[in-house]
Amino acid sequence: MIKKEVTENGLVADFFTDPSIQPSKAIIMLGGSEGGKSWSRIRRPIALLVQRGYSLLSLAYFKSEGLPSSLEEIPLEYFEKAFDWLSTQAGIVPNEYAILGGSKGSEAALLLGSRYPQVKAVIAFSPSSLVWQGIPTNRFEIGEDVKSSWACNGQGLPFLPYPSSIKKRDLVLLRLRKMHEDALRNTARVADAAIQVESIQGAILLISGERDRLWPATHMSEQIMNRLKAKGFDNHYEHIVFSSGHNGIVMNKDSWRKIFAFLKEYFA
């Protein structure tokens, strides 16, 4: 396996591949609100995926040099650059990508899948069913100058804001799940911000933890499942639930066994 740092065309990423395995399908890996190339630090799953013949692009989209410092109005066009870069790499199957995202990265993964036909499979750890309000550089300013997390063509996408009653004390005490649950009661804004997952042109795997203390990922995963069923989604979709927290499912060996099987069946 080789690792290449990617800084071309404004991208910030690490590319992992085995040149002896060609052709290879690419998986774009998106981290969460911690920012940077967070998947690059989780070495064992990366090694196992490369051994199985996949090439991986661990892609930062904020909080890295040359990228936004806040998770606000991140342009979807940035991810298009990643698609374009992969399409020029020798030995990579062009325009047939899987996206694996965690937390805010899962929000991006599902959103990108709903808009770009190049995305042929989505794996979402601790998923979101909708677009949330963005997160400023100083998180204690989360109620000021409210913006969407994502933008397209220079415009912020419709989003669900956090409750106006949110206090700094809630952030200090990490009452984050309650903050998200309170926001989800705004049914009109929920409908406007919902990700059109039924437009994804490939299989979907959702993985959530029942004891998630950051946001209600299991509940939002069920919202996604219900929407796919109601819309008559033609591709495979499933939701796996573990008795663990927000980040615990990422290090769960059963999660990765399921992912390997999912990829072999629906993205080989």
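## Terms and basis of the model

Two strands are said to pair if DSSP finds at least two bridges between them. Helices (H or I, at least four residues) and strands (E, at least two) are DSSP runs, numbered from the N terminus.

The model is predicted: local features need pLDDT of at least 70, side-chain atom pairs count only at pLDDT 80 or more, and totals for chains, interfaces and linings use all residues. Residues are numbered from 1 along each chain as its sequence is written, and side-chain values use heavy atoms, with hydrogens and water left out.

## The sheet of three strands

Strands E5, E8 and E9 form an open sheet in the order E5-E8-E9, with mixed pairing. Strand E5 (74-75) and strand E9 (155-156) each have a single partner strand, so one side of each lacks a neighbour in the sheet. E5 pairs with strand E8 (residues 150-152) in the parallel sense over 2 bridges. Within E8, Ala151 is the bridge partner of Pro75.

## The sheet of eight strands

Another open sheet has 8 strands in the order E1-E2-E4-E3-E6-E7-E10-E11, and its pairing is mixed. Its edges are strand E1 (2-6) and strand E11 (237-242), each of which pairs on one side only. On average, neighbouring strands of this sheet are turned by 20° against each other, direction ignored. Axes are lines fitted to C-alpha atoms, for helices over the stretch in contact, and angles run from 0 to 180 degrees between N-to-C directions.

Strand E3 (residues 24-30) pairs with strand E6 (residues 92-102) in the parallel sense over 6 bridges. Ile27 stands opposite Ala98 in E6.

## Nonpolar cores

A nonpolar core is a set of buried Ala, Val, Leu, Ile, Met, Phe, Trp, Tyr and Cys residues joined through side-chain atoms within 4.5 Å; buried means under 20% relative accessible area (1.4 Å probe, protein chains only). The largest such core has 50 residues, of which Phe79, Leu110 and Trp150 touch the most other members. Helix H2 (residues 76-87) supplies the largest share of this core, 7 residues. A second, separate core of 27 residues includes Ile27, Phe242, Ile249 and Ile259.

## Packing of two helices

Helix H1 (residues 43-51) and helix H8 (residues 253-266) pack at an angle of about 25°, with their axes 12 Å apart. That makes H1 roughly parallel to H8, a term for angles under 35 degrees. Pro45, Leu48 and Leu49 in H1 meet Trp256, Phe260 and Leu263 in H8, where contact means heavy atoms within 4.5 Å.

Key. Parallel < 35°, antiparallel > 145°, perpendicular 65-115°, else oblique.
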